[in-house]
Amino acid sequence: MTPNSAAPSVRDARPDELDAAIALLDVAFERDPFVGWLTRGDARARRRYVTLVTRRLIAPRGRVLVDDSLRAVALWMPPGGWNLPLGTQLAMLPTLARVVGTRRLFRIAKVSAAIEEGRPAAHWYLALVGTSPAARGTGLGSAVVEAGLALARAEGVPALLETSNSANVRWYERFGFAIRRRLDPPDAPPVWTLST
Ligand SMILES: CC(C)(COP(=O)(O)OP(=O)(O)OC[C@H]1O[C@@H](n2cnc3c(N)ncnc32)[C@H](O)[C@@H]1OP(=O)(O)O)[C@@H](O)C(=O)NCCC(=O)NCCS
């Protein structure tokens with residue numbers, strides 16, 4: 001981006017744009033180590049996972065932020081957003097079982113609990129961010145991340161995320177994220193937890 005070019009404008013995805021947002025994230029996470037492990041390298045499971053996170057977790061209670069041309073998407077969960085009613089959690093279980101495999105459910109729950117340990121009570125959480133491959137390097141990913149960080153700053157709470165891609169750590173450090181922990185779950189890719 002040249003210094004004079006306008007900053008990309010960021011807004012909430014409309015309900016009729018969620019399918020496009022899901023398709024974009026699905027492609028963006030094709031090579032993500034943790035999502036690949038979670039979904040056992042199965043493309044249909046990955047699509048289900050991205051749909052679950054976008055439609056059922058984030059859209060009803062968080063922010064699906066997109067750039068105006070819908071080439072970058074960031075899913076942000078607000079403080080308290082993970083406190084899901086038991087009924088909501090149970091309703092998601094069958095889909096989750098199809099994503100990770102019924103026999104792996106308990107193991108995935110243990111890894112998730114280890115990752116979530118020590119999170120501050122109030123925070124904005126960046127669940128997924130992706131830019132369509134052809135639009136990378138043009139500032140769109142930064143724009144949707146910055147928009148969520150502004151929400152966290154306005155509330156005086158930190159922003160959190162996890163990544164299993166060490167290259168992404170450097171990208172996130174540009175925004176003021178710093179590594180809190182590195183986890184090495186057995187048989188799973190390493191995971192870095194970062195916070196502002
Ligand atoms: C990470 C991602 C969202 C960045 O989106 P983007 O729109 O290309 O990012 P921006 O254009 O705002 O930033 C590009 C800048 O960051 C750098 N950059 C992009 N991805 C990077 C990475 N993974 N590691 C380090 N630097 C990176 C670029 O070289 C560029 O640098 P420059 O400004 O000096 O030219 C995008 O690469 C993507 O969708 N990746 C696959 C999904 C993913 O890994 N998401 C994060 C999972 S935790």
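What follows is a walk through the sheet, the helices and the ligand shell of this predicted model. Residue numbers start at 1 in each chain and follow the sequence as written. Because the model is predicted, local features need pLDDT of at least 70 and side-chain atom pairs count only at pLDDT 80 or more, while totals for chains, interfaces and linings use all residues.

Strands here are DSSP E runs of at least two residues, helices are H or I runs of at least four, and both are numbered from the N terminus; two strands count as paired if DSSP finds at least two bridges between them.

In the hairpin of strands 2 and 3, with 4 residues between the strands, L70 has a positive phi near 60°. Strand 3 (residues 72–77) then runs antiparallel to strand 4 (residues 124–131) over 6 bridges, with L75 bridged to L128.

As for burial, 5 of the 5 residues in strand 2 are buried (20 or more other C-beta atoms within 10 Å of the residue's own; 12 or fewer makes it exposed, anything in between partly exposed, with C-beta atoms placed from the backbone). In a regular strand, side chains alternate between the two faces of the sheet. In strand 2, R63, L65 and D67 point one way, and V64 and V66 the other.

Helix 6 (residues 140–155) covers 24 Å between its first and last C-alpha, close to the 22 Å expected for its 16 residues (1.5 Å times one less than the number of residues). Its buried residues, including L140, V144 and L149, pack against strands 1, 2, 3, 4 and 5; contact means C-beta atoms, placed from the backbone, within 7 Å. G156 follows helix 6 with a positive phi near 70°. In helix 5 (residues 105–116), the end C-alpha atoms are 16 Å apart, in agreement with the 16 Å that 12 residues should span. Just after helix 5 comes G118, with a positive phi of about 80°.

Around the ligand there are 20 residues, of which T131, R136, G141, S142 and T163 come nearest; the cut-off is a C-beta atom, placed from the backbone, within 6 Å of the molecule. Strand 4, helix 6 and helix 7 (166–173) each supply at least two shell residues, and helix 7 gives the most, with 4. The shell splits into 7 nonpolar, 10 polar and 3 charged residues (Ala, Val, Leu, Ile, Met, Phe, Trp, Tyr, Cys and Pro are nonpolar, Asp, Glu, Lys and Arg charged, and the others, Gly among them, polar).

Lastly, S195 belongs to strand 7 (residues 191–195). S195 counts as partly exposed because it has 18 C-beta neighbours inside 10 Å. Leaving aside residues up to four places away in sequence, S195 touches P158, L160, F177, A178 and R180.

Key:
Contact = placed C-beta atoms within 7 Å.
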